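Q: Can you walk me through the contacts in this one? I'd like the chain interface and then the ligand site.

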Amino acid sequence: MALKVPCPNCGWRPSTEFAWGGELRAIDAPDAESDFARVFLPANVAGPQEERWFHLLGCRRWLTMTRDTTTNELG
Amino acid sequence: MTGLLRHRTYLPARELRRAYDVVIVGGGVNGLSLAYHLAAEHGIRDVAVLERAYIGSGGSGRNTQVLRANYNTPETVPLYAASLARYRGLSQELGFNVQFSTEGELDLCHTEDSLQVEREKSALNRALGVQTDILGPDEILEVCPLVDLSGGGELPVIGASYHPPGSFARHDAVVWGFAQAAARRGVDIHQGVVVTGVQVDDHTCVGVETSAGPVSAGHVVSAVAGWSTQLAAMAGVRLPIVTHLLQAFVTEPYRPVLRGLVSSMDLTIYVSQTTRGELLAGAEIVPYSTFSTRSTFEFLSEAARRSILILPFMAEARAMRQWGGSCDMTPDSSPILGPTPVDAFSVMAGMGTWGFKGAPIFGATMADSIATGRVPDLIAPFALSRFREDRMVPDAASAGTH
Ligand SMILES: Cc1cc2nc3c(=O)[nH]c(=O)nc-3n(C[C@H](O)[C@H](O)[C@H](O)COP(=O)(O)OP(=O)(O)OC[C@H]3O[C@@H](n4cnc5c(N)ncnc54)[C@H](O)[C@@H]3O)c2cc1C
Ligand SMILES: [Zn+2]
């Protein structure tokens, strides 16, 4: 089945309307080491992951939501 | 020579010992290739392969079997050319028929942009001794008369690159061929053993924790593809990897109609016919990361639509089965092979969509590196340290699908 993404503005929409923005990566410290980790060393969690989605073919807003990467269950 | 026709293809049952010279985590084609090469080329036989499910249960038994050397960088072309050369003699070497056959790969272009990428690829490949030619529409039909040059009336084909060395090998035969050849030389292959921890003592790896108890090791190698970040994290090592789903479908079997691989660079679709007669199609990874291997309906309908645009006879074929497998994607779409900041802990990771074709050379070079303590020149550019050193090997244009 199509993965559906719950957009707070548009409701449940097919994931094909969105661009996946990757896992949410916090800025830990303003230094080169944490920049490197943020860009190159994702946690790649197997389980609930906070991540970014952009509703490209909808409200065109960036959203943050939680998805279980082992089941793809969202919200 | 034996092969999958033998009714009893089996591995000897051996007891899991408490210590080995080398422990390899992951019983896919890469872990097994490494085990085989350690034993066959270096006489290192005190080796265990620990596989949590059954051998070949990961990407190694799920891939679309494409072997080729037409990559896009001066580092990757020689690597995959060396692997293809090893594949050519692999059945004889292993004493196991891996059903290797060279049938050519045709990559269609529908836009000037993608044709330009292919022209540059062809020039690079030729400079490195790999045959990749640019074809015009007439020549395309000589190679494959079934191609619809109008692209279903939607996307006319303007040219193609053709890679005559493009080949296939039967995926589970390669897995079993390496496994049996390694086991015959004394390697212990343990299925149903989950690695749950990696023991590190003063920056040096000394063994693993498993569902069957602790096992100490002189060297531990992670070869778990989609689960590489999880396994490396057990040793305190972080990897630049995100796990994605790659999918494929097959139709019912038909008499031979299609020879070699036909793909479209712009549509990201590729089609071949297996030795069993099934038409086999694949496309690009699912854009969001996932550890689920459930195949999606969008994939089936999209891949079917695209394949019909280039090969109209696909409209008559009936889809039979679809599946997916985990791919450990790196930022530059190239593998990560070699040591890590933890001594005696190495990785064969970032296998992405290219780990099947690379397995013979990845295993051989990693075995060299472990046996001699020196990283062979061929894989030196693929060190984990390249990301910090800003020396990536960007190959996304040729490594996106298969
Ligand atoms: C649909 C699809 C098509 C593809 N097409 C191609 C292609 O045409 N050509 C190509 O070159 N490549 C292709 N690939 C990629 C290729 O299949 C993989 O890169 C390759 O199989 C990886 O092999 P591996 O041995 O590194 O890992 P895998 O075969 O994935 O094996 C890893 C093993 O590790 C085990 N494991 C994981 N965690 C643990 C643990 N904690 N303890 C013990 N064991 C563990 C798993 O059970 C698994 O068996 C494709 C992949 C897919 C999914
Ligand atoms: Zn929206």
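What follows covers the two chains and then the ligand.

A: This is a predicted model, where local features need pLDDT of at least 70, side-chain atom pairs count only at pLDDT 80 or more, and totals for chains, interfaces and linings use all residues. Residues are numbered from 1 along each chain as its sequence is written, chains are lettered from A and ligands numbered from 1 in the order written, and side-chain values use heavy atoms, without hydrogens and water.

Q: How many residues of chain A are in contact with chain B?
A: 22 residues of chain A are in contact with 22 residues of chain B (heavy atoms within 4.5 Å).

Q: Which element gives the most to chain A's side?
A: H1(A), with four residues; helices are DSSP runs of H or I, at least four residues, numbered from the N terminus.

Q: Switching to ligand 1. How many residues surround it?
A: 39 residues surround ligand 1, B:Glu51 and B:Lys357 being among the closest (a heavy atom within 4 Å).

Q: How much of it does the protein bury?
A: Taken alone, ligand 1 exposes 1,000 Å², and the protein buries 97% of that (Shrake-Rupley, 1.4 Å probe).

Q: What lies by its oxygen atoms?
A: An N or O atom in the side chain of B:Ser57 is 3.3 Å from an oxygen atom of ligand 1. For B:Asn63, a polar side-chain atom lies 3.5 Å from an oxygen atom of the ligand.

Technical notes. Helices (H or I, at least four residues) and strands (E, at least two) are DSSP runs, numbered from the N terminus. A polar contact is a pair of N or O atoms within 3.5 Å; within protein, one must be able to donate a hydrogen and the other to accept it, and residues adjacent in sequence count only if both atoms are side-chain atoms.
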